[in-house]
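Me: I am new to this structure and would like to go through it step by step. Could we begin with the charged pairs and then turn to the pockets?

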Amino acid sequence: MDKQTLHIVRTIFAAFILISVGCASKGYQNLNARYNGYFYADLYLTETYQAFEQQYEYNFDEILKIFPQVDSSIVSSNKEKLDDAFKKSSQNIEWWEGSDWVDDSYLIIGKIRYLRAQWQFAIETFQYINQNSKDDQVRQKALIALMRTYMDMGNNDQALQVSQFLEEESLTEENAVDYLLTLAYFYQRQDNYSRVKELLEQAQPALTDKNYKIRVNFILGQLAQEAGEFRNAYLFYDNAQKGNPPYEIMFHAKLNKLAVSGFANPNYVDEAYKAFEKMLSDGKNTEYMDNIFYTMGLLEQNRENLPQAIEHFKSAAQVEQPNQRQQGLAYLRLAEIYYDDLKRFNLASAYYDSAVQKLPKDIENFEDISKRQTVLKDFVTQLNIIETNDSLLTLSAMSRVQLEVYLGRYIDAKEAKEKERKAKEQPSNRGINRVDNSNYQTPDGSGSWYFYNQQAISQGQLEFQRIWGNRPLENNWRRSLKQNIGIGPATTVAEEEFDDPNKGAAQPDLKSSRDTEVEKLMATIPFEEDAKEKARLEIQDAYFKLGSIYRFGLEQNRQSIDSYETLLQKYPQTSHRIDALYALYTLYEPIDASKSQQYRQMIIDEFPETIMAKTLINPNYLQEKAARNRALQLQYAEAYEAYEAGNYLLADQRLRSALSSFEDVDFLPTVELLAAILKAKTESIVSYEQALNDFIEKYPEAPQTSYAKSLLAAVAPTKNQRLGNLKDAFSEDFQQIHLVAFTFNQANFEADSLRKQIDEFNAENFKTKLFSGFVSFNPQEQIGVIYINSFKVKSAAESYRELMEKELKRIGLQADSNFHNFAISQDNFTLLFQNKALDQYLEFHKKFYKE
């Protein structure tokens, strides 16, 4: 080996020794960790955050967001950079574990996991840094990042806990600013702008980042402007213009400065307008003209100069190529002015329609705006129904001749207006013209279609009579016209003077387009009574709905009262009467107690059987009724249990007792139906059939009625079968349940009065409850039958009949030639009503019953 080669080997060996020693030193690890790993990882992460800044949406119509939105598409487009940053940070931790940049590398890994929405991994990383790092600067940054992670997860409680922990820290100046901005963003997401303002004012003096300095100053300007602190707002906007901001920020800061100057000092308005005019004439501001007009509108609205504000907002909506969001905001301002200030709800409705169409769905309070639009749309619909139908009903009272002239004038005016509109129409006209300029203007300047305008109709009638006089109703009335109407004096010309060569020839049946339009309009007018009634009912419905919309949708109680009272005044027999009366009772209650009581009493007097009236009389009515329902259901359950067990007399007694104890209970139909069914077991098919008929008549709409009808349909076959078994001969089966009955002349005695006296007699003399019933025996001769049931054995019926005989004598029934008192079994009672053989049964009774 020569000397030169040996020297080279020794040099390489020495270098290797030096490198090996150097690798073990902290300085060497810091050098490699920082410049070979952390530097590039931080650079790639910073570039990703800068991409968020570049995509930041400046929505100057609302408070700017403190931070740009984390956009997953930007994260995806920067995937390679973030992957490389993650790799380099991981290598730093693995290769240079003794360096000072390990914690910083963990922080980058946590932030990348946050950007990728790997929430749990990000949280674990930030928590690891907080627990293990000795570097307060990095540890505090990890906590701030942890707080932001919890915020984006929607875990606000956890975010606040981290915030409280940070409050105990002695933060570095850089971290203090980041923390204040993050906490302000937390409260901004909750719309707590008073807290946002407080935190940003603390952070503002220490801001060094250009983007955040400009943005925070602009946000503080917006918040001061909203709070009416116009001087402070001016200063913040002025600060936002410093530092060479983007033109968009510069423009809106200048624009807002002009606005708050006018707000703060009315004497500055003229100067502000000069500046506005200069901005409008500057070609660089062409795309911002809608913003300029909108700000001018805000200035005038703040000065309560609403006509001028309206003009400016209209101009903002009508500029060439408007920003759709800004156009929607202009429409919204117009809608709010017409709604809140001018109470012109029909115009407000049109502007709300335009606003909802143009505004993005993510705008603040969009849901409330959309709800109001829906309410107003319904409001305008009801108004149009009333106006249209009222006018059509008025027109229906005119003669056909009057209508033809009237409609002719309407068509003339409409055509003239259309020509005028086309002459003035410009390609740039859009949107707002639909609201204000498309309405047909009548000759009287009312701005309504003739059919919507009572004044126009009246004027038309007077004008017709002035020109044509009181002409008879006839076809082809123009052909009999004797007077030509022109600019000069009228001349009279007789049709007979013309030598018409086609006289007498068949004429083609041609109609001008004008005549066709007249006929179409004629077809909309309700001449028939059915059509008129339909129009009146639609008007009633519309008035009632208007009352509800005014009250609940528009919160205009006075107009709601007017709508309900107009309905009752014009249509006192309306089907909405009770509901309108109740609405007026409640509307007047807080403002006019006597008027409220007047409507309350009208409900009680006119609708005494309704729940509404009963509740007005007794506020606890529904609770008490529910209690009665529960009690009746318990008694019904006991009766039904006896019925199921075959103890029909006990079941009948319990049901009758319940029916005599309860009234005005929802469960009564169920009880009464079972009581009717029991008559087949305790009385006879005749009384059973009568009871079913009575039930169906009493409860035609009850859910139980369909079942009662099916039972009634089965009565005839059952009755025929039983009568067939008897073969027209009274049964000698005396083991059946018996009744005691008597006949009487209904012309001499009232059935209800007799039953009442008998029920009182039974209640006084018998512990076991007996019940009476009535059926008509011979309607032609007005003979009725009252019966008392039920007796298990024949002897019990005989004994009762003897006692009843004395009571009936006391009442005076024995003086009635049609009076007969007898005991009778179930089958014989059915047969008696079938064959009407009363004399035959009385002979049968003498033979088999004790008298």
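Me: Which residue does Lys79 form a salt bridge with, and how far apart are the closest N and O atoms?

Reply: This is a predicted model. In the model, Lys79 forms a salt bridge with Asp83, and the closest N and O atoms are 2.7 Å apart.

Me: How many salt bridges does a search of the whole structure find?

Reply: The search finds 42 salt bridges.

Me: What does Lys257 pair with?

Reply: Lys257 forms a salt bridge with Asp238, with 2.9 Å between the closest N and O atoms. This pair links distant parts of the chain: Lys257 is in helix α13 (residues 247-264) and Asp238 is in helix α12 (residues 230-240), 19 residues apart.

Me: And is Lys257 buried or exposed?

Reply: Lys257 counts as buried, at 13% relative accessibility. The cut-off for buried is under 20%, so Asp238, at 26%, counts as partly exposed instead.

Me: What about Arg303, which residue does it bridge to?

Reply: Arg303 forms a salt bridge with Glu300, the closest N and O atoms being 3.1 Å apart. Glu300 is buried, with a relative accessibility of 2%, whereas Arg303 is partly exposed at 41%.

Me: Which residues are linked in a network of salt bridges?

Reply: One such network links Glu609, Lys614, Lys625, Arg628, Asp664 and Asp666.

Me: Changing topic to pockets: what volume does the largest one have?

Reply: Its volume is about 1,300 Å³. The largest pocket is lined by 37 residues, and those nearest its centre are Tyr49, Lys111, Glu174, Asp178 and Tyr212.

Me: Which helix gives the most to that lining?

Reply: Helix α2 gives the most, with nine residues. At least two residues each come from α2 (26-54), α5 (102-115), α7 (136-153), α9 (173-188) and α11 (210-226).

Me: How do the lining residues of the largest pocket divide by type?

Reply: They divide into 19 nonpolar, eight polar and ten charged residues.

Me: And what is the volume of the second largest pocket?

Reply: The second largest pocket has a volume of about 1,000 Å³. It is lined by 31 residues, and Asp61, Glu226, Tyr294, Leu298 and Arg333 are the closest to its centre.

Me: Where does the largest share of that lining come from?

Reply: It comes from α15, which supplies six residues. The lining of the second largest pocket is made up of 15 nonpolar, ten polar and six charged residues.

Me: What is Phe263 in contact with, beyond its neighbours within four places in sequence?

Reply: Phe263 is in contact with Gln225, Phe230, Leu298, Leu299 and Asn302. Asn302 is 39 residues from Phe263 in sequence, with a C-alpha to C-alpha distance of 6.8 Å.

Definitions and conventions: Residues numbered from 1 in each chain as written. Predicted model: local features only at pLDDT ≥ 70, side-chain atom pairs only at ≥ 80, totals over all residues. Heavy atoms only, no water. Salt bridge = Lys/Arg side-chain N within 4 Å of Asp/Glu carboxyl O. Helix = DSSP H or I, 4+ residues; strand = E, 2+ residues; numbered from the N terminus. Buried < 20%, exposed > 50% of the residue type's maximum accessible area, 1.4 Å probe, protein only. 1 Å grid on protein atoms, 1.4 Å probe; cavity = no way out; pocket = protein on both sides within 12 Å on 5 of 7 lines; lining within 4 Å. Points joined across faces, edges and corners; volume = space filled by probe spheres on them. Nonpolar A, V, L, I, M, F, W, Y, C, P; charged D, E, K, R; others polar. Contact = heavy atoms within 4.5 Å.
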